[in-house]
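Visitor: Please take a close look at one part of this model, the place where the two chains meet.

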Amino acid sequence: MSTKLIYFAWVRERIGKPEEDVDLPPGIETVGDLLRWLKSRGEEYENALQYPDVIRVAINQEHVGHREKIAGAREIALFPPMTGG
Amino acid sequence: MAGAVVPAIRIQREDFDVAAEIAGLTEGRTDIGAVVTFSGLCRDEQGALSALELEHYPGMAEAEIGRIAAEAGERWPLQGLTVIHRHGKIAPGENIVLVVAASSHRQAAFEAANFLMDYLKSRAPFWKKEHLADGSEGGWVEAKEADDHAADRWKKSRE
C-alpha cells in the first residue's frame, strides 16, 4: 500500500516537491524509521532531513512524536517547527 | 457551561473585520459580560520587510485549531470563541490572526485568548517566510523557544 508524504516550508523547498506517494519498504515501523529511510534516498532528502530531531511530523493531520508507529497512515506530513500566530 | 461553546474557526486568504467579528459573537445576547480580542499584525521589522508569506497545511490547520479551541472551551466557561488565521502574502500593517473570546466574566476571556495564542504559535501548522524590502527573498522565520515555553506553562498552571 502506498503512503502519501506531504512536505511544508523549507522541508518542501529542500526536497523539491510538495508531496509524493511512496511504497514503504518492510521494516519501516516508526516515524523515526521513516525519517532515516527518506534521508538515504538522495542528496535533496539528506539536505532536508540533516537534523531529524527538528523535523515535526503529523500522521493523518495530527501531531505525533518520532516513536509513533506509522502502520495504517494514509497521509504523513513532514515540516519544520511552526511559526504561525 | 464547560465545553458548550461551538468555536467558529476560519482559515482564509482575505482580511477580516475585527469589529464585525465581535458583533457576530455578542449580537442579540445578554449573557456575555466580557469580550477579549487579540489581533496579530504583520510588522516591517524597522523597514526591512516588504511582506510575510504564510504557508499552511490545509485541512490540518482547521483541525488543529479546532482541537486547541475545543480544549479552551473545556477549560474556561466561554460563551463564544472565534479564531481566524490568514494565509498567503501579507503586507506590514495587515492582520494575520484574530482570537475573540467571550465569557460572563473577564478572567476566563483573558485566559482563554492567551492560551489560544500560545498554542496557535507552537501547534497550528503555519510557516512564515520573509520577503525583504530590498526585493530579495528572506528566509523562513525560525521558531522561538520562548513560544514553546509560553505554551508549556498552561500544562502546569491549571492542573
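Guide: Chain A brings 21 residues to the contact and chain B brings 26 residues, contact being heavy atoms within 4.5 Å. The model is predicted, with local features needing pLDDT of at least 70 and side-chain atom pairs counting only at pLDDT 80 or more, while totals for chains, interfaces and linings use all residues; side-chain values use heavy atoms, without hydrogens and water. Residues are numbered from 1 along each chain as its sequence is written, and chains are lettered from A and ligands numbered from 1 in the order in which they are written.

About 1,900 Å² is buried between chain A and chain B, and carbon and sulfur atoms give 55% of that area. Buried area here is the accessible area (1.4 Å probe) that two parts lose on being put together, summed over both.

Across this interface there are 2 salt bridges, a salt bridge being a side-chain nitrogen of Lys or Arg within 4 Å of a carboxyl oxygen of Asp or Glu. In one salt bridge, B:Lys129 meets A:Glu13 at 2.4 Å, N to O.

On the side of chain A that touches chain B, the elements giving two or more residues include strand 1 (2-7), helix 1 (9-15) and strand 5 (75-79). Helices (H or I, at least four residues) and strands (E, at least two) are DSSP runs, numbered from the N terminus. Helix 1 of chain A gives the most to that side, with 4 residues.
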